[in-house]
Structures are given as structure tokens and as C-alpha cells.
Amino acid sequence: MNLDKLLRNNIKALKPYSSARDEFSGEADVYLDANENPFNKPYNRYPDPLQWAVKEKIASMKAVDPEKIFLGNGSDEPIDIILRAFCEPGIDNMVSIEPTYGMYQVAADINNVEVRKVKLDKEFGFSAQQLLDAANLYTKVIFICSPNNPTANLLDKAEIIKLLTGFDGLVVLDEAYIDFAPESSMLPDLDKYENLIVLQTFSKAWGMAGIRLGMAFAQPEIIRIFNKVKYPYNINMLTQKKALELLDHFQEKDEWVKIIIEERGKMIRKLFKLPFVQVVYPSDANFILVKMNDARGIYEYLTEKKIIVRDRSKIVLCDDCLRITIGSPKENRKLRKALKKLI
């Protein structure tokens with residue numbers, strides 16, 4: 001992979017904003033460099049622009065060098081940065097599977113980047129060769145979500161590797177739901193494939209959706225580009241502080257994941273017994289995709305009961321499907337009780 005060739009010319013020439021905290025490291029007694037208010041400590045100070053304390057803790061937990069970590073405002077920030085840094089608007093394109101996470105398309109539309117979609121098969125699998133065939137000389141990046149949203153299934157690792165070895169551009173593997181899957185992350189393979197970018201998040205297994213913190217893992221030269229393009233203080237002090245606090249409780253996160261996986265199995269078994277349920281697709285995530293008679297009508301019924309699920313009926317390959325997140329045992333029982341009343 002020729003990273004210099006992939007990068008937009010204006011990004012190559014970009015001189016990034018240098019914040020006051022970029023120009024100084026360590027601790028001082030008096031800070032008069034950033035035009036901060038001297039009162040209301042510690043919130044009067046700008047946060048660490050590169051979030052080193054959080055990155056070091058993540059690095060230790062995931063056995064990855066801190067220099068290979070980028071932290072964003074959710075995973076949506078690195079998704080957007082990838083397109084802004086590498087895809088020339090109106091000229092370059094990206095390839096993705098369909099259906100998949102909707103923000104890839106939204107970010108591409110915002111950046112005026114064409115999306116070339118390759119439909120999954122009936123079992124929600126994909127062919128690497130089909131994605132490679134969809135690419136051309138102007139394709140800079142391929143997006144893969146595994147486990148995929150909204151289909152909930154892990155994608156074939158062998159096919160993902162074919163993409164990594166057969167494509168000269170970047171391959172983004174979004175692993176937002178990997179903690180709920182039987183297979184492990186591809187993070188240990190990061191050094192095998194220089195074009196691999198792995199996205200993970202604190203929103204799902206870690207239960208931190210409200211603090212908006214996403215992770216991107218890649219080779220240091222890619223991470224340096226992300227840091228060059230991002231806003232100077234993209235992760236606020238409160239988010240960094242809360243992340244450090246919760247990262248010390250990884251045993252609790254593991255217990256949450258265990259409960260959710262158990263509840264997922266129970267939910268699948270119970271839903272199969274309902275006469276209006278046609279298919280409950282296998283799930284490797286913290287949600288399930290369910291095909292049922294009159295999915296829209298059931299969605300509206302549940303909404304009236306103040307139970308909110310996601311209607312995916314208009315998504316490709318998801319006709320008459322609802323996407324149901326696995327909640328707490330109490331929430332799951334409430335959903336099943338409401339559905340039983342439709343029999």
C-alpha cells in the first residue's frame with residue numbers, strides 16, 4: 001500500500017493547527033499559554049489533545065501500542081476523517097456491503113464521495129471478489145462491519161483477509177459488536193496488514209454510549225494523519241475522565257456481556273415460538289434481526305406500549321424485519337409479554 005498515493009494532495013500539504021498543549025509536555029506550576037480562565041479548576045483547562053492517559057490504558061488492555069490508537073467522538077468521527085483525508089470529493093469512491101451501518105453512506109454523502117454497494121447474499125455473507133470487482137482506480141477505501149449491523153452476523157474472516165491482501169487501498173473493519181461474538185477481534189492481525197483499520201467503540205459492551213468515545217486502530221503513519229485532520233480538542237475532559245474510571249472495571253463489562261449473550265439466546269428461543277415470527281436470524285451481536293408478519297404493524301403496536309425497537313423493513317434484504325436490541329432481563333420480559341398478547 002502506497003499511503004502517500006492514497007492521501008489527498010491538500011491533506012499532504014496541510015499544516016495542522018498547533019494547540020498550546022501540543023507545544024508543551026509534562027507538568028508546570030503556572031499555565032499562561034492557552035488563554036484559559038484561571039478559575040474553576042480543573043475544568044478551566046483544555047484537555048489532553050491526544051488523550052495519552054486513556055490511550056495507554058487501552059493499549060495495555062488490548063496489547064496495542066498507544067501510537068496505533070486514535071480516539072474519536074464515537075466511531076463516526078474516524079469514519080468521517082477517513083473519507084476527508086483520503087477521498088477527493090466528486091472524484092474518489094468507497095466500496096461497502098449492503099445492508100450495513102448507515103453512517104458510512106451518510107459520511108460519504110456529506111463528503112461528496114460515491115459509494116459502490118455490493119449486496120450480501122441470502123445468508124448475509126459476502127464475497128471478497130465481488131467487492132474487489134466493484135472497486136476501480138478511484139476506490140480509496142472499503143468498509144466492512146463485522147458483526148454486521150443490521151444483520152447481526154460475523155462476516156467470514158477468510159474473505160476479509162482476501163480483501164486486505166487483494167486491495168491496494170484501506171480496508172476499514174468496524175468491530176463495534178465484537179465483544180458479543182464467538183470469534184476474537186482482528187486487532188492482533190494489525191501488523192500483518194498495513195492497510196487495515198479496525199474500529200471499536202465504548203458504546204456497546206462497555207455501556208458508555210452517552211460519553212461518545214470511539215477507537216480506531218491502525219499503523220502509526222495512518223494515526224498521524226487522523227491526528228493531523230481532527231479538531232484540536234476532539235475528546236473533552238469529562239469523557240476522558242469517565243473512560244479512565246470505567247476502564248478500571250473491565251470485570252463488570254465482562255459480566256454485562258455474559259448476561260446479554262445469555263439473554264440473547266433466551267430471546268431467540270422465545271420468539272421462535274410466536275406464530276407470527278417467520279425467522280430469527282443468528283446473532284453474534286447484542287441485537288437480533290427478526291422477520292415477522294406485518295412487521296410495521298407490530299412496530300407501531302410496541303410503540304403504543306412504550307417499547308421501542310427498530311423497524312428495518314425498508315432496508316435491502318430486511319423485508320418485514322424488526323431489529324431488537326437485547327436489554328436487561330426485565331426489559332426483555334416486558335417485550336415478550338407484549339408480543340404474546342398479539343397471539
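**Salt bridges and cysteines, a quick tour**

Okay, let's start with D179 and K253, whose side chains meet in a salt bridge at 3.4 Å, N to O; that term means a side-chain nitrogen of Lys or Arg within 4 Å of a carboxyl oxygen of Asp or Glu. D179 lies in the loop between β5 and β6 and K253 in helix α10 (residues 250–272), so this pair ties together parts 74 residues apart in sequence. Helices (H or I, at least four residues) and strands (E, at least two) are DSSP runs, numbered from the N terminus.

Before I go on: this is a predicted model, where local features need pLDDT of at least 70 and side-chain atom pairs count only at pLDDT 80 or more, while totals for chains, interfaces and linings use all residues. Residues are numbered from 1 along each chain as its sequence is written, and side-chain values use heavy atoms, with hydrogens and water left out.

K253 is buried at 11% relative accessibility, and D179 is partly exposed at 28%; buried means under 20% relative accessible area, exposed over 50%, partly exposed in between (1.4 Å probe, protein chains only).

Next, K68 and D191 form a salt bridge at 2.6 Å, N to O. K68 is buried at 10%, whereas D191 is exposed at 54%. Salt bridges with shared partners join D65, K68 and D191 into one network. The whole structure has 19 salt bridges.

And how many disulfides turn up? Zero, in a search of the whole structure, with a disulfide being a pair of cysteine sulfur atoms within 2.5 Å. The sulfur of C321 is 5.2 Å from the closest cysteine sulfur, in C318, so that's too far for a bond. C321 is buried, at 0%.
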